[in-house]
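Biologist: I am new to this structure and would like a close look at a single part of it, the aromatic rings and what surrounds them. Please take me through it step by step.

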Amino acid sequence: MILDFTYPDVMRMMVIKRWGIISMTRTQSVAEHSYNVAMMALNIYNNSRNLGVNVERILMLALTHDLPEIHTGDIPMSLKTDDIKQAVKEYENATYPQLSAYKYHCMEIELLVVKIADIMEAITYCRRYSDDPRSNEVVQGLHDAITNLLNSIPDSMVAVRDDLKEAIDKSWRG
């Protein structure tokens, strides 16, 4: 078995709601979000030229990236302190050791593509469905998070960083 989650785990993702910190006109489940992240990651992959990533790993990571939330509920990015991130990681390692091992063997750029796709999906969803006056602030914070992730790519990987930026730009345009 590659991964150690069960089908009931996957089904539970359909009832875990996201967006508890700002008002939305439509409810989104973790399952819907995970599917959208997978599609966004695939779009980034399709728009890239030479990221050198494995599309199967990207899709697997995207579809399972929020699996621990079936136990913790949605934890908004703005509330994820380093301590909370570490606690969630430890919980994931204990609850889904094979999934954690799978992530360990993925390339850093594959994890980054999925993280960026995750944030892009949140921006897209928030822009479309938020009626909260704070939504512009949330979207700006998410854009800043993408910028920070791109800036974290070392200069030794400038070609990869540039390709990823271009793929993201193409993905935004549709």
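Modeller: What follows begins with confidence, goes on to the aromatic rings, and ends with a helix and two further residues.

The model is a predicted one, and the mean pLDDT of the chain is 90, with 98% of its residues reaching 70 or more. Among the elements of the chain, helix α6 (residues 97–104) has the lowest mean pLDDT, 84, whereas α2 has the highest, 96.

Turning to the rings, the count comes to two aromatic pairs. In one of them the ring centres of Trp 19 and Tyr 125 are 6.2 Å apart and the planes meet at 10 degrees, and because planes under 30 degrees apart count as stacked, this pair is stacked. Trp 19 lies in the loop between α1 (7–12) and α2 (30–47), while Tyr 125 belongs to helix α7 (residues 108–129), so the pair ties together parts that are 106 residues apart in sequence. The other pair joins Tyr 125 to Tyr 129, with 4.6 Å from centre to centre and 45 degrees between the planes, and it is tilted. Both of these tyrosines lie in helix α7, four residues apart, which is about one turn of the helix. Trp 19, Tyr 125 and Tyr 129 form one aromatic cluster.

For Trp 19 the relative accessible area is 14%, and it counts as buried because the cut-off is under 20%. Most residues other than glycine have a negative phi.

Next comes helix α9 (residues 158–173), whose 16 residues should span 22 Å at 1.5 Å a residue; its end C-alpha atoms are 23 Å apart, which agrees. Within α9, the buried residues are Val 160, Arg 161, Asp 163, Leu 164, Ala 167, Ile 168 and Ser 171. These residues cover an arc of only 165 degrees around the axis, and therefore they lie on the same side of α9. The buried residues of α9 pack against α2, α7 and α8 (135–151), and α7 is also the helix that holds Tyr 125 and Tyr 129.

Gly 20, like Trp 19, lies in the loop between α1 and α2, but Gly 20 counts as exposed at 76% relative accessibility, whereas Trp 19 is buried. Gly 20 and Ser 156 are 136 residues apart in sequence and 39 Å apart in space, C-alpha to C-alpha. Leu 111 lies in helix α7 and is partly exposed, with a relative accessible area of 28%. Leaving aside its neighbours within four places in sequence, Leu 111 is in contact with Leu 61, Lys 103 and Cys 106. Leu 111 and Arg 57 are 54 residues apart in sequence, and their C-alpha atoms are 9.0 Å apart in space.

Note on methods. Residues are numbered from 1 along each chain as its sequence is written. This is a predicted model: local features need pLDDT of at least 70, side-chain atom pairs count only at pLDDT 80 or more; totals for chains, interfaces and linings use all residues. Side-chain values use heavy atoms; hydrogens and water are left out. Rings of Phe, Tyr and Trp (its six-membered ring) pair if their centres lie within 6.5 Å; planes under 30 degrees apart count as stacked, over 60 as edge-to-face and the rest as tilted. Helices (H or I, at least four residues) and strands (E, at least two) are DSSP runs, numbered from the N terminus. pLDDT is the predictor's confidence in each residue, from 0 to 100. The expected span of a helix is 1.5 Å times one less than its number of residues. Buried means under 20% relative accessible area, exposed over 50%, partly exposed in between (1.4 Å probe, protein chains only). The arc is that of the directions from the helix axis to the C-beta atoms. Contact means heavy atoms within 4.5 Å.
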